[in-house]
Every structure is written in C-alpha cells, then in structure tokens.
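Here is a protein chain to get to know. Take a moment with the sequence and the 3D view, and then we'll walk through the main points together.

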Amino acid sequence: YKRFSAEASRFQICIDVYAGGSVYQDLPSLGALCKYTGGQMYYYPGFTKDKDGRKLHAELKRNVSREIAWESVMRIRCSKGLRISNFFGNFF
C-alpha cells in the first residue's frame, strides 16, 4: 500500500477509507493509504444502517462538499548553521 500511496500522492490524489463490518479487516495496512496521501480513515465497527447510517451520511456529505486547497506548498528556510533533522506530516 505504501508504494501505491506514493504514486497517488505524486498525482495529488488524497485517499479516504470508509471501513465497517463485523469481519476482520487489516486496517493498519489500509491506514497507510490515508497516512501517505493526506487522507483520513473512517471506521464503523459492526456497521448497521440504524446505528451508523446518519454518521456515515454526514461524514460523506462533509467530505464531498468541503472547501479544498489545491497544490499548496509550505517552505521553511533555516539560517546558516541550522539544519533540518526531522520531517513531520503525512506527505512525501
């Protein structure tokens, strides 16, 4: 999944995962898709329409109707003598 995430990120594709059900799902592996593309994972354990339907509807609606920024870049410059030792965030 990490290689696929890198490819999606290269084309500025964000992946959100909606997971629900009562059988085993390898969510940590699927989480790499979200982590490396700037997406989000939504998990509904034991999903039932009555219990989780409204929440799923609200989260899907928010996801497709929210404002989105395209191709933003943030650069941090260091003074001479300083160097960056770590990177934080979900992007390559």
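What follows starts with the whole chain and then moves on to single residues.

**The whole chain**

Keep in mind that this is a predicted model. The protein chain has three helices and two strands, and if you start at the N terminus, the elements come in the order α-β-α-β-α. The radius of gyration of the protein chain is 17 Å, well over the 12 Å that the globule rule gives for 92 residues, so the chain is more spread out than a compact globule. The C-alpha atoms fill a box of roughly 60 × 30 × 20 Å along the principal axes.

How much of the chain is buried? Out of 92 residues, 18% count as buried. The accessible surface comes to about 8200 Å², and carbon and sulfur atoms make up 55% of that surface.

Now for contacts along the chain. Take the contacts between residues at least 6 apart in sequence: 58% of them join residues at least 24 apart. As for charge, the protein chain carries 15 positive and 8 negative side chains, with the centres of the two sets 9 Å apart.

**Around helix α2**

Helix α2 spans residues 27-35, and its buried residues are L27, A32, L33 and C34. What covers them? The cover includes α1, β1 (17-21) and β2 (41-45).

S5 itself lies in helix α1. The side chain of S5 also reaches the backbone oxygen of Y1, at 2.8 Å. Is S5 buried or exposed? With a relative accessibility of 0%, S5 counts as buried, because buried means under 20%.

E7 counts as partly exposed because its relative accessibility is 38%. Look across from there to T37: E7 and T37 are 30 residues apart along the chain, and their C-alpha atoms are separated by 9.2 Å.

Next comes Q12, which lies in the loop between α1 and β1. Q12 has a positive phi of about 60°, although it is not a glycine. With a relative accessible area of 48%, Q12 is partly exposed.

Finally, go to M74, in the segment after α3 (49-65). M74 counts as exposed, since its relative accessibility is 71%. M74 and G38 are 36 residues apart along the chain, and 15 Å separates their C-alpha atoms.

Here are the accessibility values side by side:

| Residue | Relative accessibility | Counts as |
|---|---|---|
| S5 | 0% | buried |
| E7 | 38% | partly exposed |
| Q12 | 48% | partly exposed |
| M74 | 71% | exposed |

Note on methods. Residues numbered from 1 in each chain as written. Predicted model: local features only at pLDDT ≥ 70, side-chain atom pairs only at ≥ 80, totals over all residues. Heavy atoms only, no water. Buried < 20%, exposed > 50% of the residue type's maximum accessible area, 1.4 Å probe, protein only. Helix = DSSP H or I, 4+ residues; strand = E, 2+ residues; numbered from the N terminus. Polar contact = N/O pair within 3.5 Å; in protein donor to acceptor, adjacent residues only side chain to side chain. Rg over C-alpha atoms; globule rule 2.2 N^0.38 Å. Contact = heavy atoms within 4.5 Å. Areas by Shrake-Rupley, 256 points an atom, 1.4 Å probe, with all protein chains shown as cover. Lys, Arg positive; Asp, Glu negative; His and termini not counted. Charge placed at Lys NZ, Arg CZ, Asp CG, Glu CD.
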